[in-house]
Amino acid sequence: MAQPRTAAASTTAPRKARAPRKAAADPLFDLRWRRALRDLRGPLARLYGDAHDVPALLDRVRAVAEGRWRERPADLRALDLLRDVDPEWFLSQDMVAYVAYADRFCGTIAEIPRTIPYLRDLGVTYLHLMPCLMPRPGQSDGGYAVMDYRRIDPRLGTMDDLEQAARALRAQGISVCLDLVLNHTAKEHDWAERARAGDPFFQAFYLMFDDDRLPRDYEATLVDIFPDQAPGSFTFYPDLNKWVWTTFNEYQWDLNWANPEVFLAVLDTILHLANKGVEVFRLDAVAFMWKRLGTTCQNLPEVHDILQAIVQATRAAAPAVIHKAEAIVGPRDLVPYLGQGGHEGKVAQLAYHNNLMVQFWSSLASRDTRLMTQVLRTHFPERFSRASFATYIRCHDDIGWAITDEDAARIPYLQAHAHRNFLADFYNGSFPGSFARGADFQSNALTGDRRTNGSFASLAGLEAAIESGDPTLIDHAIARILMGHALIASFGGIPLLYMGDELGMLNDHGYRQDPELAPDGRWMHRPRMDWPLVAGLPDRPRSPAARIHDGVRAIMAARKRLEALAAQVPTRILDTGHPALFALLRADAIRPLTCVFNFTEHPQRIACRSLGLDDHLEDALAGRRVGVEEGELRLSPYQALWLRRAA
Ligand code: GLC
């Protein structure tokens with residue numbers, strides 16, 4: 001395996017080696033370890049076998065896993081057993097996720113239990129608390145520059161608060177998800193500080209270079225992630241007299257995953273946090289974890305070996321826990337994150353479907369679903385084994401217009417670069433007739449590409465519609481927002497509700513007043529929860545917020561009633577030939593469900609036949625019979641229908 005190494009990057013004599021344990025094994029752990037070993041040995045041998053003794057490494061992985069298993073609290077061990085018996089628990093149609101910054105949602109982690117009634121009312125079973133581990137002081141990339149993985153950001157609370165909140169949530173059927181940044185640490189992390197002080201053991205945790213020759217060679221094929229705010233992927237530190245790999249911001253140092261000490265240290269961190277009650281780890285920026293000269297250093301095959309090793313070792317010590325990969329990449333590169341080929345059923349159980357998100361916005365702007373149908377039909381399997389997507393329309397990050405030349409070329413008159421440009425213009429609001437109010441983010445002078453910021457509601461037209469006071473425009477914006485929620489609730493996987501989107505919260509420009517946040521435009525769609533708005537919903541039932549909130553609750557409640565929406569059921573994208581509609585079949589053997597979405601502000605008609613349906617239909621979303629005229633269905637502007645044969 002051609003792995004570029006700096007002198008410092010090859011660790012031969014692990015210093016922190018624990019003595020291989022000889023104590024009597026716990027029989028349950030032993031069974032789980034043997035299960036894990038089957039799928040652990042291969043990846044570790046491929047990753048580290050060239051330079052390291054694999055059996056000795058496996059002993060050390062076992063020691064970490066068993067040590068943490070011994071510390072695992074009884075209630076979590078009970079959950080482990082439950083999920084050993086039902087390992088597909090997270091694929092249920094009952095699952096609905098909510099994503100929030102603890103401070104912006106309710107102040108501190110200790111306050112989270114008070115929000116449980118609100119979350120339960122929305123149908124939430126999974127709460128992703130955005131970065132809450134101790135970040136570096138000052139700018140921290142929204143908390144993704146962590147200086148201590150074992151401490152909670154003191155502004156949010158303590159590890160005890162997290163443990164208690166997790167217990168309270170678990171008691172109400174809500175699993176806690178936490179971010180774990182795998183690609184980098186803050187440069188203030190203890191490992192980095194020791195590296196900086198000259199300790200070679202910790203220097204080998206990072207990618208450091210004595211001169212700029214290799215960095216320059218790498219940069220020839222790397223893509224800038226923050227071309228505006230942090231151009232380049234390497235930083236020179238005069239005190240160290242070294243170049244350090246910094247893919248994201250200067251203060252985020254990339255970890256050297258070619259060093260098995262990094263694997264062991266991160267695994268131990270995961271299992272430590274799992275014992276505090278974290279049930280889902282969002283593995284941040286995983287695409288970047290392995291580097292090879294002459295490539296973009298994204299999505300390399302070794303990444304999938306690392307993920308398989310992490311997932312399998314976690315299963316040995318904390319089988320209740322699952323992992324979600326954050327790889328915001330093109331369609332071809334995304335599929336392997338949910339297990340392809342030899343990794344099938346063995347890597348992360350969830351991965352973000354950023355392509356669904358991109359295609360939603362693309363179809364909405366162009367009023368044309370052909371690209372969406374084409375991309376989602378050709379690149380993605382109908383189902384994965386023991387894995388599925390996290391589906392979403394907006395998140396805390398910008399939207400990168402991941403539309404490839406190859407995909408665009410299959411649609412007549414569509415040119416990829418021009419289309420990406422159109423989308424950036426449409427969503428920053430400058431395109432004539434655009435309903436959106438967003439902003440450009442990170443224009444790349446080299447490629448001409450721009451990314452986009454903005455909240456779901458503002459991008460979907462609610463901000464402009466409210467300003468215009470035109471009730472039809474307000475209706476359209478609300479319908480777009482609800483159609484997006486109906487899409488992610490029915491597509492297959494776990495729908496993610498980003499805090500505030502259930503109320504149609506608009507862009508928040510307040511971040512510009514905060515010097516720590518001002519340089520990063522993504523804060524415009526990371527608002528503070530508007531609890532007075534929530535309290536006022538019953539008094540203003542026709543307000544946009546109340547209509548959106550009611551609509552989202554109804555969509556999630558309908559989802560939970562429909563077995564066809566479980567993630568195990570295949571998702572077949574239908575090619576109806578109708579350019580305004582997107583349609584998919586959830587091919588349940590007993591009661592299949594056909595979901596149809598109108599991406600335009602015009603009423604549309606489609607023959608039931610072209611959806612493979614007869615005319616005896618009900619809409620399981622609205623819970624009523626559907627009128628069919630002369631064999632045709634009618635959809636109102638931006639309507640979503642979940643069709644099945646009427647009972
Ligand atoms: C992920 C996060 C993003 C962050 C990046 C670097 O993509 O979602 O907010 O900037 O990782 O950690």
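Trainee: How do the residues of the lining of the largest cavity divide by class?

Mentor: Into 10 nonpolar, 4 polar and 3 charged residues. Nonpolar here means Ala, Val, Leu, Ile, Met, Phe, Trp, Tyr, Cys and Pro, charged means Asp, Glu, Lys and Arg, and the others, Gly among them, are polar. This is a predicted model, where local features need pLDDT of at least 70 and side-chain atom pairs pLDDT 80 or more, while totals for chains, interfaces and linings use all residues. Residues are numbered from 1 along each chain as its sequence is written, and side-chain values use heavy atoms, without hydrogens or water.

Trainee: Which residues of that lining lie nearest the centre of the largest cavity?

Mentor: A cavity is a set of points on a 1 Å grid over the protein atoms alone where a 1.4 Å probe fits but cannot get out, and its lining residues have an atom within 4 Å of a point. Here 17 residues line the largest cavity, and Y498, M499, H525, R526 and P527 lie nearest its centre. The space inside is about 170 Å³.

Trainee: How many cavities of 30 Å³ or more does a search of the whole structure find?

Mentor: There are 8. The second largest cavity holds about 60 Å³, and its lining includes L222, V223, W245, F288, K291 and C297. By class, that lining has 6 nonpolar, 4 polar and 1 charged.

Trainee: How far is a polar side-chain atom of D284 from an oxygen atom of the ligand?

Mentor: The distance is 2.8 Å for D284. The side chain of R282 also has an N or O atom 2.8 Å from a ligand oxygen, and so does the side chain of H396, at 2.8 Å. On its own the ligand has 310 Å² of accessible area (Shrake-Rupley method, 1.4 Å probe), and the protein covers 94% of it.

Trainee: How many disulfides does the structure hold?

Mentor: A disulfide needs two cysteine sulfur atoms within 2.5 Å, and the structure holds 0. For C132, the nearest cysteine sulfur is that of C177, 9.5 Å away.

Trainee: Is C132 buried or exposed?

Mentor: C132 is buried, at 2% relative accessible area, where buried means under 20% (1.4 Å probe, protein chains only). C297 is buried too, with 2%.

Notes: 1 Å grid on protein atoms, 1.4 Å probe; cavity = no way out; pocket = protein on both sides within 12 Å on 5 of 7 lines; lining within 4 Å. Points joined across faces, edges and corners; volume = space filled by probe spheres on them. Polar contact = N/O pair within 3.5 Å; in protein donor to acceptor, adjacent residues only side chain to side chain. Buried < 20%, exposed > 50% of the residue type's maximum accessible area, 1.4 Å probe, protein only.
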